[in-house]
Amino acid sequence: MTTYTARPVPPSVLAELRTADDAGRPMAPFTDDEGGAPLRCCLRRSEPGERIALVSYAPLRRWAAATGARPGAYDEQGPVFVHAEECAGPDLDGHPFANAPRVLRRYSADGHILGGELVDAPDDDAFHKAFDDPAVALVHVRAVEYGCFLYEVRGTSSP
């Protein structure tokens, strides 16, 4: 059986982004007075009064550096919200940010886009369909309205 787990930005990467983001800018934390920002460190929405930051993140570049992939022009960076200080990480039950349509962008082991699909909400059926193609190595879940990276999914098999 394959399980599709949402992967937040890893803690080691968060530590780097809190010093300088993937565009080389220092973090500029602020108090989120309204709440509702999609936090990529713990995969939940921010609460009013939390200290957060908007940083530039290059998820495919970082994955490629760890795997030896060469995404070429598909390497991109974009804005993500994170807690300004270390947090406990996700406490997931299901798929995060599933309350709106999302784009599932599929990537090969080389880091090249294999396609994308608009889904009503990310769920196991949508991920199963995305990973039906054996060339798919990972999937990025993205917001429709701005195209922002929300989280990464890889399939893991269990006996």
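Strands β7 (residues 102-108) and β8 (residues 113-119) run antiparallel to one another and are paired through 6 bridges. The model described here is a predicted one. Between the two strands of this hairpin sit 4 residues, and G111 in the hairpin adopts a positive phi near 90°.

Across the pairing, L104 has E117 of β8 as its bridge partner. The C-alpha atoms of L104 and G115 are 8.4 Å apart, although 11 residues separate the two along the chain. L104 has a relative accessible area of 2%, which is under the 20% cut-off, and therefore counts as buried. What surrounds L104, once its neighbours within four places in sequence are set aside? Its contacts include G115, G116, E117 and V119, and they also take in P122, A126, F127, V139, H140 and V141.

Attention now turns to helix α2, which spans residues 59-67. Within α2, the residues P59, L60, W63 and A64 are buried. Viewed down the helix axis, the buried residues of α2 fall within an arc of 125°, so they line one face of the helix. In an α-helix there are 3.6 residues a turn, so residues three or four places apart point the same way. On the other side of α2, A65 and A66 are exposed.

Notes. Residues are numbered from 1 along each chain as its sequence is written. This is a predicted model: local features need pLDDT of at least 70, side-chain atom pairs count only at pLDDT 80 or more; totals for chains, interfaces and linings use all residues. Side-chain values use heavy atoms; hydrogens and water are left out. Buried means under 20% relative accessible area, exposed over 50%, partly exposed in between (1.4 Å probe, protein chains only). The arc is that of the directions from the helix axis to the C-beta atoms. Two strands pair if DSSP finds at least two bridges between them. Contact means heavy atoms within 4.5 Å.
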